[in-house]
Structure formats: structure tokens, C-alpha cells
Amino acid sequence: MSSEVVTDMSHAEYQARIAELEARLEESEDTLAAIRRGDFDAVVVEGPGGERLVYTLENADRPYRVLIEQIQEGALTLSHEGTVLYCNRRLAAILGARQETLIGHSLRRFVQPGQEAALSALLEGALRRPARGEIALRDEAGEPRPVYLSLNRLERDGEAPLLCGVLTDLTEERSRLHELAEANARLTAEIAERERIEEALRQAQKLEAVGQLTGGVAHDFNNLLTVIKSSTDLLKRRDLPEDRRSRYVLAIADTVDRAAKLTGQLLAFARRQALKPETFDASASVASIGDMVGTLTGARIHVVTRLPDRPCCVHADPSQFDTALINIAVNARDAMQGEGELTITVEAAEGIPASRTEEAVPGPFVAVSVSDTGTGIPPAILDRIFEPFFTTKGVGQGTGLGLSQVFGFAKQSGGEVLVRSEVGRGTTFTLYLPRAEMPAAAPKPGGAADEAQVDGHGTCVLVVEDNAEVGRFATQTLEELGYSTVWVRDAEAALAELERIPFRFDVVFSDVVMPGRDGVDLANEIRQRRPEMPIVLTSGYSHVLAREGTHGFELLHKPYSVEQLSLMLSRVVAAGRRGRA
């Protein structure tokens with residue numbers, strides 16, 4: 001209505017118009033309330049063109065009823081006590097009953113024993129706020145039916161509230177979970193069985209390797225012992241000429257050296273040798289042994305060295321480094337059948353490249369490569385070339401320990417050895433060692449006098465050795481050299497002797513591997529009590545030395561000669577006297 005119309009209307013007409021509008025509003029509100037109460041069976045409304053449109057409640061409600069009946073979830077209406085007032089067909093199917101038989105029965109009838117409290121909590125909670133939770137039901141036949149129930153409060157004018165909700169059947173989900181659990185259990189069992197088989201295979205491979213190693217060691221050592229045994233038997237003959245006697249003595253000495261070398265190679269492969277690492281220029285070492293390599297390979301093999309302009313320093317045992325290069329060179333010589341080209345290259349590297357079995361290792365390294373033009377290594381045996389006593393050479397042409405020493409030395413020095421080979425075109429071994437900075441040159445102690453075999457002149461040596469034969473040999477040898485000796489068999493006895501008569505001993509000569517406290521532990525204890533006391537350790541093998549080094553003490557490897565023992569003791573005693581002067 002426009003403002004002009006209102007202005008032109010009289011006051012009485014205006015009041016009548018307001019009364020008409022209020023009546024229509026009241027009628028609309030009554031109609032709406034009646035619809036809400038369900039008092040009408042139909043609603044008649046005026047359409048856009050003035051036509052009359054009739055809507056029955058049955059027609060308006062039908063789409064929602066169809067929706068409720070067709071959904072795949074159970075729908076229900078409950079009294080506040082849990083009695084079923086309405087349910088759809090899906091709910092009846094879940095509970096295994098007909099719809100009409102469910103109406104009027106309590107939902108508690110279908111609750112599994114022990115779940116009553118859970119259902120009561122859901123019903124009571126839903127009267128205050130929406131509630132949901134998982135409960136265990138059972139169908140009409142008694143079969144378990146795990147379900148998830150969601151309930152909400154439904155208000156009614158002047159009457160007690162109802163609960164309407166949705167019930168989701170979890171049976172299939174639980175079945176799938178059970179199947180997954182069974183599949184997981186089968187997979188776990190298969191993995192365990194596979195691990196057991198793999199462990200059995202590894203054990204078999206270990207036993208095979210141990211058998212091969214034991215057989216190789218037994219073969220080589222029995223050969224050496226045969227030479228020693230035969231020589232000692234011949235030395236017992238009274239009518240033996242002096243020249244032959246000397247020859248047999250030299251044969252024994254040479255065989256002992258070969259046995260010591262064999263033991264060293266085994267320890268090198270196992271990374272158990274006691275290294276004496278120091279910082280040196282790998283290029284200079286390669287240059288210094290170039291002539292030796294040429295002599296080993298022969299005149300028909302051309303040896304080429306490619307060295308950098310700047311030093312490439314490493315921190316490793318220089319003696320083992322030279323031995324590794326010689327072992328690779330000898331292997332290359334045999335692969336070239338005495339003719340070809342051998343190239344030794346030294347260069348700085350910024351890491352160890354990845355191999356078939358190892359990941360790449362970043363960091364500063366020095367790479368020493370030895371390449372040959374030989375026959376190459378077949379792929380089938382490439383993974384076995386570092387195994388001890390594995391060799392493709394004929395009987396008597398090699399022990400199979402050369403490359404094992406290279407492998408052990410590289411690993412124990414914190415590096416790696418990689419091999420690249422192509423059948424018919426040659427092989428390249430690359431030795432990677434940690435790069436180091438060359439320290440400032442320090443003057444070497446002693447001089448030529450230290451290298452000579454010096455008489456003991458009564459110098460007193462405390463010998464610590466648990467092996468009776470070795471202890472007797474050491475004391476007899478020292479006494480023949482002019483030393484006076486006291487022999488004890490363990491660390492505690494040695495400490496007691498040092499305390500019993502102070503300043504009696506000039507040097508301690510101790511084995512490393514002993515029962516109770518080892519020689520390294522004893523030496524450290526003596527160093528704390530008597531810092532000025534010279535100490536020499538000796539060992540054929542010690543896991544302590546292999547793992548931790550010599551701790552700064554002088555080390556004499558077993559087997560040692562009389563000359564080596566004499567030179568070592570005279571040097572450390574002289575150095576100790578200079579330190580006290």
C-alpha cells in the first residue's frame with residue numbers, strides 16, 4: 001500500500017484495514033500450529049494464477065518415508081525408556097526380525113550380556129545432548145551384531161520427548177578387520193619363516209667360509225710345519241756337516257717368517273692386526289716402491305705412475321699400505337700373464353662412490369688406483385675375490401690371501417677398496433683412504449747407535465708373560481744379551497714387584513693378552529704410577545690393540561727375533577735415559 005493511499009483513507013477505513021490484517025495473521029498462525037499438530041489431512045493454498053492447490057499430508061510425507069526405508073542404515077524412533085516406536089526395513093534386517101514384531105519391544109532385548117550399562121548410558125545421554133557410541137547387539141537368532149548407534153532428542157508439545165537415531169551395522173567391517181588381521185598374521189609368519197631360512201642360509205655360508213678358511217690355514221701351516229719339523233730332525237744328527245746345519249737353521253728361520261706373514265695376512269683380512277698409523281704422503285710412497293713393483297712384475301710389463309703435483313697425505317699404516325699395493329700389483333701381473341701395462345694413479349677424492357653393496361661416503365679421501373690390461377674378472381666371481389684363500393690360480397701359485405689383506409687394511413683404516421673389471425679389457429682396483437694434513441716435521445730420536453745390537457750391561461727388565469715357554473725363552477734371551485730379568489705371570493704380580501723394590505727396573509716388557517688385566521691395562525697403570533718407566537708391549541694378536549691401537553706404547557709383534565728384541569729394548573731404555581737427563 002502506498003503512502004498516498006494511506007493518506008487518502010479515512011481513520012475508520014484505516015482501523016478496519018488493520019483489523020483485517022491482524023485476523024489473517026492469526027488465521028495463518030492457527031493453520032501453522034494445526035499443521036504442526038497433524039490436525040489437518042490436507043492444505044489448500046492459492047496458486048500464482050489464483051488457482052486452488054491441494055496438498056495432503058500423505059503426499060508431503062511420502063518422499064521422506066521412501067528415503068528412510070531405502071537407506072542402508074537402520075533408522076529408529078525410541079521412547080525415552082528405549083522402546084522401539086518405529087524402525088525401517090534395514091534395522092529389521094540387521095536384527096533378523098520383521099518390522100511389525102519390533103514395534104513396542106525394548107531395544108534392550110537385543111543387547112548382548114554385559115552391554116546393558118553401555119546402552120543405558122547412551123539413552124540417558126541422548127536426552128541431554130546428541131549421543132553416539134559402539135555397542136554389541138545380537139540378532140533374533142542370537143548371532144553377535146556389533147553396531148554404532150547415534151541418538152538425538154526429539155521434542156513434542158506437552159508430551160515426553162522421544163529419541164530418534166541411526167544404527168550402523170559393523171559386522172562386515174569387523175569381518176574385514178578380522179580378515180586383515182589374519183592376513184597380517186600370515187604375512188608375519190611368512191616373514192619370520194623367510195628370516196629363519198635366510199639366517200640358516202647365512203649360517204651355512206658362514207660355515208662354508210669357516211671351512212674354507214680352516215682348510216686353507218691348515219694346508220699352509222702344515223706345509224710350514226713340515227719344513228720346520230724336517231729341519232729340526234736333521235739338526236739332531238750328530239754327523240751333520242756345518243754347512244748343512246746352517247742351511248737347516250736358515251730354513252727354519254725363513255719358514256717362521258713365512259708363518260708370521262701368513263698370520264698377518266689373516267689378521268689383515270679380519271681387520272684385527274695392530275696397525276701403526278701415521279701421516280704420510282701416498283704419492284711419495286707410490287714413487288718409492290715403483291722400482292719394487294717393476295721388479296715384481298717383470299720387464300715385459302710397463303709400469304706407469306701418475307702422481308699429483310701436490311702431496312696427497314693419508315693417515316694409515318705405511319707398511320700395510322705398501323703391502324696392499326704390492327699385493328694388487330702381483331695380482332695384476334698374474335692377470336696379464338707377464339705382459340701388458342700397469343698404471344698406478346694417486347689423486348684426491350671428495351668421497352667414496354657407491355658400489356653394489358655399499359652406499360656413497362662423502363668426505364676427503366685419497367684414491368690410489370691400480371689398473372691393468374689383463375684378462376679381467378668374470379662377474380660370477382667378482383664378489384668373492386676378497387674372500388680368504390679364494391683363488392683362481394693353480395695349486396702352489398698363490399695363497400688367496402693377497403686381496404684379503406687389501407680389503408682388511410682398507411676397512412680398518414677407515415677407507416674402502418672398490419674394483420671395476422671387464423672381461424678381456426682389464427681390471428682397476430681403487431684404494432680409498434682418509435685424507436690428512438701433513439704435520440710439521442719432528443726430529444727423529446736417537447741415531448745409528450740405537451740401531452746396533454747393544455749389550456744389556458745389567459739393565460733390569462721386568463718380564464710379564466703368562467705363557468711358560470715364551471717366558472723362559474724371553475728371560476734366557478735377555479740374559480744372554482747382558483740384561484738382568486725378573487719374570488712374573490700376570491699384571492698384579494708385576495705391580496707388586498714394582499712396588500716392592502722401587503727403582504729396581506729400567507724397563508717393563510709385557511705381553512698384551514693375559515688372564516685378568518691385559519698388558520695395555522697394566523701399562524696404563526704403570527704410566528700413572530711411574531710416568532718415566534719405559535714400557536714395551538708384545539703380542540701375536542690382541543682385539544684391544546686392533547680396536548684401540550697401542551695407546552702410545554712401543555709394540556713388538558710376535559714372533560720376534562733376538563735382534564728385534566735387542567734393538568727395541570735398547571732404543572726405549574736409551575730414550576728413557578735421555579728423557580730423565
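**Salt bridges, pair by pair**

Tutor: Arg176 is partly exposed, with a relative accessible area of 47% (buried means under 20%, exposed over 50% and partly exposed in between, with a 1.4 Å probe and protein chains only). The model is a predicted one, in which local features need pLDDT of at least 70 and side-chain atom pairs count only at pLDDT 80 or more, while totals for chains, interfaces and linings use all residues. Residues are numbered from 1 along each chain as its sequence is written, and side-chain values use heavy atoms, leaving out hydrogens and water.

The partner of Arg176 is Glu172, and the closest N and O atoms of this salt bridge are 3.9 Å apart (a side-chain nitrogen of Lys or Arg within 4 Å of a carboxyl oxygen of Asp or Glu). Glu172 is exposed, at 59% relative accessibility. Because Glu172 and Arg176 lie four residues apart in helix H7 (residues 171-235), about one helical turn separates them (helices are DSSP runs of H or I with at least four residues, strands runs of E with at least two, numbered from the N terminus).

Elsewhere, salt bridges with shared partners join Glu492, Glu499, Arg517, Asp521, Glu525 and Arg529 into one network. To see the surroundings of some of these residues, turn to helix H15 (residues 491-500) and helix H16 (residues 519-529), which pack at an angle of about 20° with their axes 10 Å apart (axes are fitted to C-alpha atoms over the stretch in contact, and angles between N-to-C directions run from 0 to 180 degrees). H15 is therefore roughly parallel to H16, a label for angles under 35 degrees. From H15 the contact takes Ala491, Ala494, Leu495, Leu498 and Glu499, and from H16 it takes Leu522, Glu525, Ile526 and Arg529 (heavy atoms within 4.5 Å).

A further pair is Arg145 and Asp169, whose side chains meet in a salt bridge at 2.9 Å, N to O. This pair links distant parts of the chain, since Arg145 belongs to strand S6 (residues 144-156) and Asp169 to strand S7 (residues 159-169), 24 residues apart. Asp169 is buried, with a relative accessible area of 18%.

Finally, Glu100 and Arg98 also meet through their side chains in a salt bridge, with 2.9 Å from N to O. Glu100 is exposed at 54% relative accessible area, and Arg98 likewise counts as exposed, at 55%. The pairs described here are among the 24 salt bridges that the structure holds.

Technical notes
Parallel < 35°, antiparallel > 145°, perpendicular 65-115°, else oblique.
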